[in-house]
Amino acid sequence: LNLALIYEKGKYIKRDMKKSVYYYTLAANQNNVIAQNNLGTIYTDGDDGIPPDSNKAKYYFSLAANQNYPEAQFNLGTCYELQRDFEKAFYYYKLAADQNLPSAQNNLAVFYHKGYYVSQDIEKAIHYYSLAAEQNYPSSQAVLGYFYLKGEYVEGDINKALKYLELAANGNDYDAQYNLGLLYYNNKYIKRNINKSIYYFSLASNQNNVDAQTNLGLIFYEGIDVEQNISKAFHYFMLAANQNGSIAQYNLGLIYLNGEYHSKDIEKATFYFTLAADQNHVSAQLKLGRIYDKMNNEKAFHYFLLATKQNSPIGQFSLGLFYEEGKYVPKDINKAIHYYTLAADQNDPKSQYNLGVIYSQGKHVAQDINKAIHYYSLAANQNDPKAQFNLGLFYYEGKNIKQDINKAIYYFSLAANQNDPKAQFNLGLLYYEGKNIKQDINKAIYYF
């Protein structure tokens, strides 16, 4: 056994896994459980000239497991779990857990928590998580911390949550480190402490946790309770982007688009927006739509369509406009109305205004003043000055609807207060001529 260990570790002599396996095998054949377990481990993944062999791995783990060696029982359980044989996995995890092996206790807890092979039993899950946590097993501590934080299965307790999460974080559990970073950032359960948030996010980031890297990027990019630092933001966004973090990729696109930290580079901006868009990041799809639209490139339609499939009102409005104008696609007023309506139903004022125009003019569809007023009113209520002016004009002229000077003045005033010159002129004219209202030269001069 000792010779096998020396050749495996390569500490005093050159590492030689073939000789290590040879001596492990001699010891294993004499029922040495450590040698049997170590051979199982070597054959699980293969090592330096020793090819992986799942059958040999299970064979040697079984020899040690049958001698009640808990590490081998756990490893055998892992083999069966990977093969989706949860019944055998549970059996061997239970053998090892009963010998107080924390990794096995944690995995048994997961079985009861998720309901693998056995019926879900949260009480038993918490029991086994607690046994492992008491032996400083970070994954179990992290889960218990999350339970107490969210009040899930147990009564919420922020102090217990912090206790377990900090224990797990100190044990290098990156999920716990990330969740502590969130906890100190969100200002929800405890007062925000951006320095602690950065500390825990940094620990998780150092273990390549993409969400922690993204959050660090956002903190420094937006200057959240710290001095803005685009250089640091870029560093963390790049780490996350290299792991396919779509939020980081989108923000790198923004940095290159806006010329922050790096010189403005539309090609690199497009590259990172595309990476994010391919992962269905809707803001990246919209950015690409706008970029390509400015280039009069038909790719604009493609990216706005992707955003529309995610129910983006901006994407829906843009498709409506393309179909109305016949840009990139043949003109189709029915499709334009379809997409405008989808966006209007999500309170997009531009779509509401355009529908108002379509139904008031009646060029390609039957004129419908009631629908026009409906959509203009929706847009006007969202402070769209053009919709406010058009409503004012409807009530001022009294075409197709009853004239109402008070409503005309109301809507003209809303638009005038947003510096719409046509509304200001019409109000000036109303007060100058004094038709249907009292003449007021001072107000006329003011609006003129």
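What radius of gyration does the protein chain have, and what would a compact globule of 448 residues have? I looked this up to begin with: the chain has 34 Å, while the globule would be near 22 Å. The radius is taken over C-alpha atoms, and the globule rule is 2.2 Å times the number of residues to the power 0.38.

**Ground rules.** I'm working with a predicted model, where local features need pLDDT of at least 70, side-chain atom pairs count only at pLDDT 80 or more, and totals for chains, interfaces and linings use all residues. Residues are numbered from 1 along each chain as its sequence is written, and side-chain values use heavy atoms, with hydrogens and water left out.

**Whole chain.** I put a box along the principal axes, and the C-alpha atoms fill roughly 110 × 50 × 45 Å. I found 26 helices and 0 strands. Both are DSSP runs numbered from the N terminus: H or I with at least four residues for helices, E with at least two for strands. Of the 448 residues, 48% count as buried. Buried means under 20% relative accessible area, exposed means over 50%, and partly exposed is in between (1.4 Å probe, protein chains only).

I also checked contacts, meaning heavy atoms within 4.5 Å. Among those with a separation of 6 or more, 40% come from residues 24 or more positions apart.

Charges came next: I have 42 positive and 42 negative side chains, with the centres of the two sets 4 Å apart. Lys and Arg count as positive, Asp and Glu as negative, and His and the chain ends are not counted. Each charge is placed at NZ of Lys, CZ of Arg, CG of Asp or CD of Glu.

**Cores.** Which residues have the most contacts inside the largest nonpolar core? They are F237, F273 and Y376, in a core of 87 residues. Helix α14 (residues 230-241) gives this core its largest share, 8 residues. I then noted a second, separate core of 60 residues, which includes Y24, Y93, Y112 and L165. A core here is a set of buried Ala, Val, Leu, Ile, Met, Phe, Trp, Tyr and Cys residues joined through side-chain atoms within 4.5 Å. In soluble globular proteins, nonpolar side chains tend to be buried together.

I looked at F273 up close, skipping residues up to four places away in sequence: among its contacts are Y250, L254, L257, L288 and I291.

**Y221.** This one sits in helix α13 (residues 210-222). Buried or exposed? Y221 counts as buried because its relative accessibility is 10%. Leaving aside neighbours within four places in sequence, its contacts include F237, L254 and I255. Y236 is 15 residues away in sequence, and 9.8 Å away from C-alpha to C-alpha.

Most residues other than glycine have a negative phi. N311 has a positive one, near 65 degrees, and N419 also has a positive phi near 65 degrees. N311 is in the loop between α18 (299-308) and α19 (313-325), and at 45% relative accessibility it counts as partly exposed. N419 lies in the loop between α24 (405-416) and α25, and it is exposed at 61%.

**Helix ends.** P421 belongs to helix α25 (residues 421-433) and is exposed at 59%. I checked P421 against A176: 245 residues apart along the chain, with 58 Å between their C-alpha atoms. N170 lies in helix α10 (residues 158-170) and counts as exposed, since its relative accessibility is 64%.
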